[in-house]
Amino acid sequence: MTFTANRLLLFGATGDLSQRMLLPSLCALDADDLLGADLKIIGTARTEMSDGDFRNFAREALEKYLPRDRRGGMADFLNRLTYQSLDALTEEGYRELADKVGDPSGGLAIFLSTAPSLFEPTIAGLDKVGLASENVRIGLEKPLGTDLASSQEINDAVASAFDESRIYRIDHYLGKETVQNLLALRFANIMLEPVWNSNYVEHVQITVAETVGLESRVAYYDDSGALRDMVQNHMLQLLALVAMEPPTSFDATAIRDEKVKVLRALRSVDAADTVRGQYRAGAIDGKSVPGYDEELGKDSDTETFVAIKAHVDNWRWKGVPFYMRTGKRLPERTTEIVVQFRGIPHSIFEERGAHTKPNQLVIGIQPQENIQLSMMAKMPGLDREGIRLRSVPLDIAMPDAFTGTHRRIAYERLLLDLIEGDQTLFVRRDEIEAQWEWIDAIREQWKGEGAKPKPYSAGSWGPSAAIALTERNGVSWHE
């Protein structure tokens, strides 16, 4: 559906995500004149508020989370906002919500950020009062289930009122500039594509490391764990973008077709190729932090760290390991993709005492967005005692390369695409289900083993078994 919505309905409008991301993103888009002049934004949640109360709430969130230089015209943005309280489990509230939203025939976009248990009654309530008609599209914030069966249940509930062309499943990593740049890096540069395969790539590493512990996500995280919280969505999406074949065009169907092929080609993982960990007390940035059980307040077998050796069994990637790791209370906050190329087949410099290192491409996603390619170069000198070679990084720091542009919040792009109707950066149902099938198989193996997560000290890079996972193949994690 290509219509541009003139109304945006935000479920969970008083929640943490709304305060930190959604309202600041919408205000920043408005400051750049990217929202239609007639766009109205309606917030809804259980909390009783007047329109004025909600505008004051939004103002406080913007002053706290949006940089001052991006608040231009904040008063005009606040005037777009209205509010209607709603108990999602009571039918009568939806009629009042529909009256507040008004006629959706001009185009309505819904952003649904609620507990998964509320998806089905919310969809039913929207449908009953005419807020799921052909001119309405819906964005779904994760988590979309806890396994394949629950994911299918949620997707069936949504599909009962919305066809797939009007469903926008959100993975906020896909809104990050450097993640999108993966497509440009691969498919707008002829020099990379010929070597982007098993003939030239030795292995790929994907790391998503966090220094934080549970913070405000205690109940959710202990029910989820690192495998379902990070690997199932963000990391498998990154893997799919790295490994996908060139799409026929830059549109939602072509790109998502190629991603799902990769996800379906993932080999079932042996138990020996996974590592689970849980942090114990340690130190982060020189400060003592408690262990997971202490932070949680009870004993738990939930993993806070996962490392996996994965394979994509297709023509391009057969035999190339994809190492993934993610964890909490690690030494630094970083998200990066490392493509390690093979060494040269023959070095003409060995007899002159010089050693070469294989080329390496590092794509930094956060906290710094950058692309670094290591190349071998000769060190200056007369070489009377032999040639000296050194690996030299070629850096592209994205903020420096494109000066004068704002570093945008990932949700800016995703919200704008939801409003305008571009599904390219959203996840299709068959992608979600392919991801869950692979993850469920790993969880079944863990359940069969009955082994507890291996302990690691907060501030370290995880259990020693994660190091062994790569080193038995002669590989070291990039740190």
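Predicted model: local features only at pLDDT ≥ 70, side-chain atom pairs only at ≥ 80, totals over all residues.
Reader: What makes α6 roughly antiparallel to α13?

Author: Let's start with the angle. The axes of helix α6 (residues 148-159) and helix α13 (residues 429-449) cross at roughly 165 degrees. Angles over 145 degrees count as roughly antiparallel, so α6 is roughly antiparallel to α13. The two axes come within 9 Å, and their crossing is left-handed.

Reader: Which residues make that contact?

Author: From α6 come Leu148, Ser151, Gln152, Asn155, Asp156 and Ala159, and from α13 come Arg429, Ile432, Glu433, Trp436, Glu437 and Asp440. By kind, the residues of this contact are 4 nonpolar, 3 polar and 5 charged.

Reader: And why are α9 and α13 called roughly parallel or antiparallel?

Author: Helix α9 (residues 252-264) and α13 have axes that cross at roughly 15 degrees. The cut-off for roughly parallel is under 35 degrees, and therefore α9 and α13 are roughly parallel to each other. Their axes come within 9 Å, and α9 passes α13 in a left-handed crossing.

Reader: Which residues meet there?

Author: On the α9 side you will find Arg256, Lys259, Val260, Leu263 and Arg264, and they meet Asp430, Glu431, Ala434 and Gln435 of α13. The residues of this contact divide into 3 nonpolar, 1 polar and 5 charged.

Reader: Now a single residue. How do you know whether Ile365 is buried or exposed?

Author: Look at the relative accessible area, which is 2% for Ile365. Buried means under 20%, so Ile365 is buried. Ile365 lies in strand β14 (residues 360-366). Not counting residues up to four places away in sequence, Ile365 touches Lys176, Thr178, Val179, Leu238, Thr335, Glu336 and Ile337.

Reader: How many residues apart along the chain are Ile365 and Tyr173?

Author: They are 192 residues apart along the chain, and their C-alpha atoms are separated by 9.1 Å.

Reader: What does UniProt list His234 for?

Author: The UniProt entry, which is unreviewed, lists His234 for "active site". In the model, His234 lies in helix α8 (residues 218-243).

Terms used. Residues numbered from 1 in each chain as written. Heavy atoms only, no water. Axes fitted to C-alpha atoms, helices over the stretch in contact; angles between N-to-C directions. Helix = DSSP H or I, 4+ residues; strand = E, 2+ residues; numbered from the N terminus. Parallel < 35°, antiparallel > 145°, perpendicular 65-115°, else oblique. Left-handed = near helix turned anticlockwise from the far one by under 90°. Contact = heavy atoms within 4.5 Å. Nonpolar A, V, L, I, M, F, W, Y, C, P; charged D, E, K, R; others polar. Buried < 20%, exposed > 50% of the residue type's maximum accessible area, 1.4 Å probe, protein only. UniProt positions renumbered as here; feature names shortened; annotations may be inferred.
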